[in-house]
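Try each one before reading its solution.

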Amino acid sequence: MTQMELPDTIDLDAALVVAGHALHIEHADLEDILRRFDSERPPDALVAALLVVRFRELRSLLALYTAAVQRIGGGGDIPF
């Protein structure tokens, strides 16, 4: 762990990565689904695709949050 990373956000980030990989394994055509949503896809594949998109967004927000906490001089934990 580097000085700029918060331990709690590392755990959450790792969980999001693992969950995304698991969905990619379960749904081999997930990248195709992400490029083109249509109503003919099975509901579980559409939900998996939406989850992967949200996981990516949350990981981006975690990175921004970590940077903001470090800028204000936060310690090694999430300050809430």
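**Exercise 1.** Work out how the span of helix H3 compares with the expected one.

*Solution.* Start with the limits: H3 covers residues 43-71, 29 residues in total. Helices here are DSSP runs of H or I with at least four residues, numbered from the N terminus. Next, the expected span is 1.5 Å times one less than the number of residues. For H3, the distance from first C-alpha to last is 42 Å, close to the 42 Å expected. Just past the end of H3, glycine 73 has a positive phi of about 85°.

This is a predicted model, where local features need pLDDT of at least 70, side-chain atom pairs need 80 or more, and totals for chains, interfaces and linings take in all residues. Numbering starts from 1 along each chain as its sequence is written, and side-chain values use heavy atoms, without hydrogens or water.

**Exercise 2.** Find which residues of H3 are buried.

*Solution.* Set the cut-offs: buried is under 20% relative accessible area, exposed is over 50%, and partly exposed is in between (1.4 Å probe, protein chains only). Buried residues of H3 include Ala45, Ala48, Ala49, Val52, Phe55 and Leu62. Residues three or four places apart in an α-helix point the same way, because there are 3.6 residues a turn.

**Exercise 3.** Is leucine 12 buried or partly exposed?

*Solution.* First place leucine 12: helix H1, residues 7-26. Its relative accessibility is 38%, so leucine 12 counts as partly exposed. Then check across the chain: arginine 59 is 47 residues away in sequence, with 8.4 Å between the two C-alpha atoms.

Key: Helix = DSSP H or I, 4+ residues; strand = E, 2+ residues; numbered from the N terminus.
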